[in-house]
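Dear colleague,

I am passing the structure below on to you, and the notes that follow it are meant for someone who has not worked with it before. Please read them with the structure open beside you.

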Amino acid sequence: IQDPIATIQLQSPRNGLIPERLFSILSDICAAHGRDFNFVMSLPSLENGLSTEDAHPRFVACLLRLGDLLDLDNHRFCPTMLSAFGSVPGETIAHIEKHAAIKHFFVGPRSIQVVAECETVEGYSALQKWLGWLRDEIKDQTGKWPQIMPEGFPGTLPTFDESIVKAKNYEAVTESKATTFSLNVRQAQELFFGENIYKDQGVFIRELLQNSVDASLIAAWLDFEQYLKLSPDSDKPNDLRRDWIGYIHSCKERYTIQVDFVKINQIPNSNQEIWRISITDRGIGIDERDIPYMKETLGSSKNKRKVDIINKMPVWARPAGAFGLGLQSVFQVTEELVVESKSRFSTNAYRFEFCSPTGKYKGRILAQRLNHFQFEHGTKLEFEMKFD
């Protein structure tokens, strides 16, 4: 900035009539492009410009940030340049797909609208992340707009209408909003560390199995209630607990939980192997209505549909676990959990992809409707992990 010819051999059209101060301010405006919002607000709101003009560094920096985030339309990447580059990184390809996905784009004085359909999950993730940045930027600037706009400036920022972004062959699991998986940090610390529940890395498998057992118990109880209604002895006095135990033993094959361990490969030059683990049950299953509760630590305690069933069960028949905790524990050992399920309460079967909240995809959840599930209802979850 101070001497571009000496430092980067750049012939700058500056001269003595332009104060060096303005070049430093311009460099700060450029730096604000990639800095947090607090840095932007540290720029001066008003500065003497050339001659009698006023300059507004903070305002200019904010508009440049918005301008870049709104550079969303198609044909953002030049095909001639791409062909000259040869192979490009996967992240670049995701951004190419992000721009190609735009179907409707409107920026006006009062609103911003985006509708897109992405061909790939990677493009979908890149676009959701980008729109998240845009949403946050508008929120930050709107909150500080009186300190950003020049005095007497008549304009206000547009609102960002809820975008509609889809991944082809996938569907959103909660309206049009991006769905992510997250951990309540305080609860997670207490449960995972304070109580030492997961001191042994392999204990999370027990937690996942407990989820399957609980789902199977609830399904069995609902079937048991139907059995009692249809039983010829249903009008006679009986010992409910004895009948329940008898029913479980007579139908145990129906509620069998299957666990599979399959070796995928050996990691070169190490003693580690990658294994695929799957757990399949014939429990009550899950559907898109369960996802909001599964996203949250111990969130299933808020799932009224499931809680109502459990509350109607006798204490001695109720499941022991808390749905959702075991599911989140799996992210200690894997980046992605795939769940295929058909709910007892839905006609649709789904394939859900849950990504680790601390991993590359920051807790992303995607749903894909399946044409078929192997059982009338139930769940199959699958993930890969490393073993010594």
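**Salt bridges**

The structure holds 14 salt bridges, a salt bridge being a side-chain nitrogen of Lys or Arg within 4 Å of a carboxyl oxygen of Asp or Glu. Before going further, please note that this is a predicted model, in which local features need pLDDT of at least 70 and side-chain atom pairs count only at pLDDT 80 or more, while totals for chains, interfaces and linings use all residues. Residues are numbered from 1 along each chain as its sequence is written, and side-chain values use heavy atoms, with hydrogens and water left out.

One of the salt bridges joins the side chains of Arg21 and Glu47, at 2.9 Å from N to O. Arg21 lies in helix H2 and Glu47 in strand E1 (residues 47–48), so this pair ties together parts that are 26 residues apart in sequence; helices (H or I, at least four residues) and strands (E, at least two) are DSSP runs, numbered from the N terminus. Arg21 counts as partly exposed at 34% relative accessibility, whereas Glu47, at 16%, counts as buried. Here buried means under 20% relative accessible area, exposed means over 50%, and partly exposed lies in between, with a 1.4 Å probe and protein chains only.

Another salt bridge is formed by the side chains of Glu137 and Arg65, again with a value of 2.9 Å from N to O. Because Glu137 belongs to helix H7 and Arg65 to helix H4, the pair ties together parts that are 72 residues apart in sequence. Glu137 is buried, with a relative accessible area of 6%, and Arg65 is buried as well, at 9%.

The side chains of Arg305 and Asp287 also meet in a salt bridge, at 3.3 Å from N to O. This pair links distant parts of the chain, with Arg305 in helix H13 (residues 304–312) and Asp287 in the loop between E8 and helix H12 (291–294), 18 residues apart. Arg305 is partly exposed, with a relative accessible area of 24%, while Asp287 is buried, at 0%. Salt bridges that share partners join Asp287, Arg289, Asp290 and Arg305 into one network.

**A lysine without a partner**

Lys98, placed in helix H6 (residues 90–100), is buried yet has no salt bridge, and the nearest side chain of opposite charge, that of Asp68, is 8.0 Å away. Leaving aside neighbours within four places in sequence, Lys98 is in contact (heavy atoms within 4.5 Å) with Gly123, Ala126, Leu127 and Trp130.

**Nonpolar cores**

A nonpolar core is a set of buried Ala, Val, Leu, Ile, Met, Phe, Trp, Tyr and Cys residues joined through side-chain atoms within 4.5 Å. The largest has 36 residues, of which Leu127, Leu131, Leu134, Ile148 and Phe160 touch the most other members. Among the elements that each supply at least two residues of this core are helix H3 (37–42), helix H8 (145–148) and strand E6 (164–167), and H7 gives the most, with 7 residues. Not counting residues up to four places away in sequence, Ile148 touches Phe37, Met41, Arg58, Phe59, Cys62 and Gln141.

**Positive phi angles**

Gln9 has a positive phi of about 55° although it is not a glycine, and this residue lies in the loop between helix H1 (4–8) and H2. Gln9 counts as exposed, at 60% relative accessibility. Asn269, which is likewise not a glycine, has a positive phi near 55° and is found in the loop between strand E7 (258–266) and strand E8 (273–281). Asn269 is exposed, with a relative accessible area of 84%.

**The chain as a whole**

The chain has 14 helices and 12 strands, and of its 388 residues 40% count as buried. Among contacts in the chain with a separation of 6 or more, residues 24 or more positions apart account for 66%.

With best wishes

Notes
Lys and Arg count as positive and Asp and Glu as negative; His and the chain ends are not counted.
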